[in-house]
Amino acid sequence: MHIQGAVQAPDAVQVEALQCAIVPDDFPGFQPKVLVREGDAIEAGAPLMRDKNSPSIALTSPISGKVTAIVRGERRKVLRVVVSNDGKHTERTFDTKQPLIELLGASGLLAHLRRRPYDVIVRPEVRPRDIFVTAIDSAPLSAGMYLPHDAADALAAAVKALRTLTDGKIYISHRADWPFAPVPGAEMVTVDGPHPAGNVGVQIANIAPVNKGETVWTMDVTTLWRIGRLLLTGKVDYSTLVAVTGPEVNAPVMVKTTIGCEIKGILAGRLPNVDHHIRIISGNVLTGVAVNEADGFLQAPYRQVTVIAEGDDNVEFMGWASIAPSKMSAHKALPLRWLRKLFAPDARINGGRRAMIFYGEYDRVLPMDIVSEYLLKAIISRNIDDMEALGVYEIAPEDFALCEYIDTSKMPLQQIVRDGLDYLRKELE
């Protein structure tokens with residue numbers, strides 16, 4: 001597996017999005033108010049939903065066409081809004097002379113930014129201390145973050161505009177193979193090392209940590225480029241390059257499509273006929289969301305689909321306790337650790353959930369200056385004072401993805417962190 005930073009886009013297979021869906025849960029902190037009805041005609045860039053708490057923040061349609069479904073769950077929670085492509089490719093043009101924060105909110109791009117603390121969508125009225133941009137995707141099987149060869153002008157335009165929103169700095173973290181010149185107005189930071197080096201939380205912790213009372217904004221470099229394109233052209237570019245990966249895929253491939261594209265279009269002809277259950281993940285194996293091929297959609301951050309075996313129909317002698325050579329462990333207990341062979345994971349947790357074991361295993365994969373186990377205990381017990389003292393303002397669920405993977409106790413650490421951050425925000429904001 002070769003991990004890259006932001007590089008120029010390669011040749012990719014073009015997949016036309018016949019349907020696209022926007023999922024509010026992809027944007028933590030967004031409280032959706034649906035603005036359309038089923039059957040409405042809509043153009044690309046038109047708003048589908050607005051945030052109830054910050055009405056200036058919208059989620060927009062990535063394609064032109066007709067709203068074919070507004071899917072709701074329990075208590076009428078909005079699960080997704082689906083738009084069918086009419087093939088006309090009509091696009092909304094935005095007035096780039098309006099105030100920047102209003103432009104970003106109306107275009108839907110502001111919803112792609114996050115803020116620390118809480119790792120939720122930004123509050124337009126709160127001025128950030130700094131803005132952090134990650135140009136690295138270090139997750140398993142990631143192909144990196146790709147940018148067009150002429151992206152330099154858009155990046156420069158975006159940084160110049162965003163400088164007006166902060167009194168601090170704009171940091172762009174990248175690998176040593178960054179193909180562009182340094183972006184004017186930004187502080188370029190070279191990052192080395194394996195995952196989770198690409199996590200913006202790890203970068204913040206090692207560049208300029210977040211303290212109580214401070215707010216920083218974060219985004220990936222693709223969002224930064226889209227902001228620049230909007231400022232230069234008045235239109236939002238909803239295209240994306242998706243890495244189709246995983247041991248159950250015929251051959252890894254890059255697909256160029258539209259954000260929110262239906263999964264069956266991306267995977268068409270790329271899955272072998274197998275006699276076992278598979279799991280399709282929108283995203284990577286650590287932080288992605290399981291979706292169905294029949295009615296699933298590409299979910300944020302819209303750049304990877306991974307297919308692995310489910311494992312629920314795998315009959316194995318001694319089950320999870322087996323020391324078969326094909327198994328992998330983060331500890332030195334299994335042969336594959338020493339043989340250094342490729343590992344084909346499945347979705348089993350290989351064990352049962354139990355009480356947290358305190359022996360510092362999380363610290364091996366979490367390069368942040370926090371006492372992770374004690375912080376997690378404070379989150380579980382809802383002890384706000386201890387949460388603050390132990391660094392809760394610096395973290396996001398993705399920072400604990402590797403901890404969850406190697407966790408001997410098999411605890412859902414990312415969900416624990418998400419629930420804790422939501423509780424803290426409810427109590428303090």
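Is E310 buried or exposed? E310 counts as buried, at 17% relative accessibility. The cut-off for that label is under 20% relative accessible area.

**The E310 contact**

E310 forms a salt bridge with R279, with a distance of 2.5 Å from N to O. E310 sits in the loop between β21 (304-309) and α6 (335-339), and R279 sits in strand β19 (residues 278-282), so the pair ties together parts that are 31 residues apart in sequence. R279 is partly exposed, and its relative accessible area is 29%.

**Overall build**

The protein has 10 helices and 21 strands. Its radius of gyration is 21 Å, close to the 22 Å that the globule rule gives for 429 residues, so the protein is as compact as a globular protein of that length. The C-alpha trace spans about 65 × 50 × 50 Å along the principal axes. Of the 429 residues, 53% are buried.

**Salt bridges**

Side chains of opposite charge can pair when their charged atoms come close. The structure holds 19 salt bridges. The table lists three of them, with the accessibility of each partner.

| Pair | N to O distance | Relative accessibility of partners |
|---|---|---|
| R123 and E125 | 3.0 Å | R123 29%, E125 55% |
| D346 and R348 | 2.7 Å | D346 21%, R348 26% |

Take R123 and E125. Their closest N and O atoms are 3.0 Å apart. R123 counts as partly exposed at 29% relative accessibility. E125 is exposed, with a relative accessible area of 55%.

D346 and R348 also form a salt bridge, and their closest N and O atoms lie 2.7 Å apart. D346 is partly exposed at 21% relative accessibility. R348 is partly exposed too, at 26%.

Which residues are linked in a network of salt bridges? They are R116, D119, D399, R418, D422 and R425.

**A positive patch**

Charge also gathers on the surface. K33, K52, R72 and R76 form a patch of positive charge there. K52 belongs to the loop between β6 (47-51) and β7 (58-60). Why does K52 count as exposed? Its relative accessible area is 55%, and the exposed label applies over 50%.

**Two residues and their separations**

G193 lies in the loop between β15 (187-190) and α3 (200-207). At 24% relative accessibility, G193 is partly exposed.

I207 is part of helix α3. I207 is partly exposed, with a relative accessible area of 28%.

**In brief**

The predicted model has 53% of its residues buried and holds 19 salt bridges. On the surface, K33, K52, R72 and R76 gather in the positive patch.

Note on methods: Residues numbered from 1 in each chain as written. Predicted model: local features only at pLDDT ≥ 70, side-chain atom pairs only at ≥ 80, totals over all residues. Heavy atoms only, no water. Patch = residues over 30% accessible without salt bridge, like charges linked within 9 Å, V, L, I, M, F, W, Y side chains within 5 Å. Areas by Shrake-Rupley, 256 points an atom, 1.4 Å probe, with all protein chains shown as cover. Salt bridge = Lys/Arg side-chain N within 4 Å of Asp/Glu carboxyl O. Lys, Arg positive; Asp, Glu negative; His and termini not counted. Charge placed at Lys NZ, Arg CZ, Asp CG, Glu CD. Helix = DSSP H or I, 4+ residues; strand = E, 2+ residues; numbered from the N terminus. Buried < 20%, exposed > 50% of the residue type's maximum accessible area, 1.4 Å probe, protein only. Rg over C-alpha atoms; globule rule 2.2 N^0.38 Å.
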